[in-house]
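Notebook open, chains on screen.

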There are 2 protein chains.
Amino acid sequence: MSSSTLYDDFLAAVKFDADGLVPVIAQDAHTGKVLMLAYMNRESLLITLTERKACYWSRSRKELWRKGATSGNTQDVQEVLLDCDGDAIVLKITQKGGACHTGYESCFYRRLAPDGSLQICDRIVFDAVTTYGKVKT
Amino acid sequence: MSSSTLYDDFLAAVKFDADGLVPVIAQDAHTGKVLMLAYMNRESLLITLTERKACYWSRSRKELWRKGATSGNTQDVQEVLLDCDGDAIVLKITQKGGACHTGYESCFYRRLAPDGSLQICDRIVFDAVTTYGKVKT
């Protein structure tokens with residue numbers, strides 16, 4: 001049985017939007033921390049399911065985004081959840097290094113403080129400049 | 001100081017998409033469980049921040065969606081996180097009842113099983129028929 005056959009039912013249950021994308025929440029399988037929200041098209045979702053490593057679709061670069069290809073900060077897939085109307089996915093993962101290109105563990109590293117400001121609430125887990133050879137924006 | 005002034009900096013940091021929406025991940029503040037993914041426009045986000053109860057924008061009904069208005073299953077906001085590029089929000093909440101209109105605690109109540117099927121992996125926490133007076137689809 002080919003991989004595409006094994007995942008046919010699941011792929012059929014996913015409702016991709018008008019751009020052919022579905023939002024995917026990457027959650028640390030061990031701590032429950034939400035690490036990032038990114039998007040997948042059918043191809044990147046199938047790669048993710050088959051290889052058990054997160055592969056997204058980069059909306060800015062318009063290309064497959066094999067998470068960690070540059071940084072080494074890959075995401076091993078432990079569990080895949082689909083929501084009630086099929087238009088959102090939770091990926092429970094084991095994160096190598098950190099998820100965010102800034103060096104923070106999570107992309108959600110800022111919280112709204114009572115005074116209305118944005119306050120850092122996460123920790124740096126890798127050096128983004130060393131990792132990428134430049135400051136990524 | 002009015003509420004809109006207090007949240008001006010935060011609202012300015014949020015990047016709404018071409019439809020004026022931002023995806024919002026509702027996460028149980030106590031267990032870390034991801035409960036749902038929904039969308040907010042600027043107005044519903046401001047209501048959420050001001051009232052500390054989740055208010056979304058219903059893309060299907062094209063109207064404000066005060067979560068729990070019908071079911072009583074409201075979401076009290078404990079913490080609001082913004083991601084690195086400002087285009088996704090995590091809402092840490094205390095959920096009354098369950099988040100999903102089906103009666104499950106989470107909208108992500110199905111997981112991909114090793115055989116490729118979708119397997120229930122959550123618990124029913126309220127009776128959807130009694131709550132809504134009908135089966136919601």
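I began with strand β7 of chain A (residues 110-112), which pairs with β5(B) in the antiparallel sense over two bridges. Strands here are DSSP runs of E, at least two residues, and helices are runs of H or I, at least four, numbered from the N terminus; two strands pair if DSSP finds at least two bridges between them. I looked up A:Arg110, and its bridge partner in β5(B) is B:Leu82.

Before going on, I noted that this is a predicted model, with local features needing pLDDT of at least 70, side-chain atom pairs counting only at pLDDT 80 or more, and totals for chains, interfaces and linings using all residues. Residues are numbered from 1 along each chain as its sequence is written, chains are lettered from A and ligands numbered from 1 in the order written, and side-chain values use heavy atoms, without hydrogens and water.

Next, the contact (heavy atoms within 4.5 Å): I found 39 residues from chain B and 39 residues from chain A. The two chains bury about 3,100 Å² between them, 66% of it on carbon and sulfur atoms; that is accessible area (1.4 Å probe) lost on being put together, summed over both. On the chain B side, B:Cys84, B:Phe108 and B:Leu112 lose the most area to chain A, together 21% of what that side buries.

Then I checked charges. I got four salt bridges between chain B and chain A, counting a side-chain nitrogen of Lys or Arg within 4 Å of a carboxyl oxygen of Asp or Glu. One joins A:Glu79 and B:Arg111 (2.7 Å, N to O).
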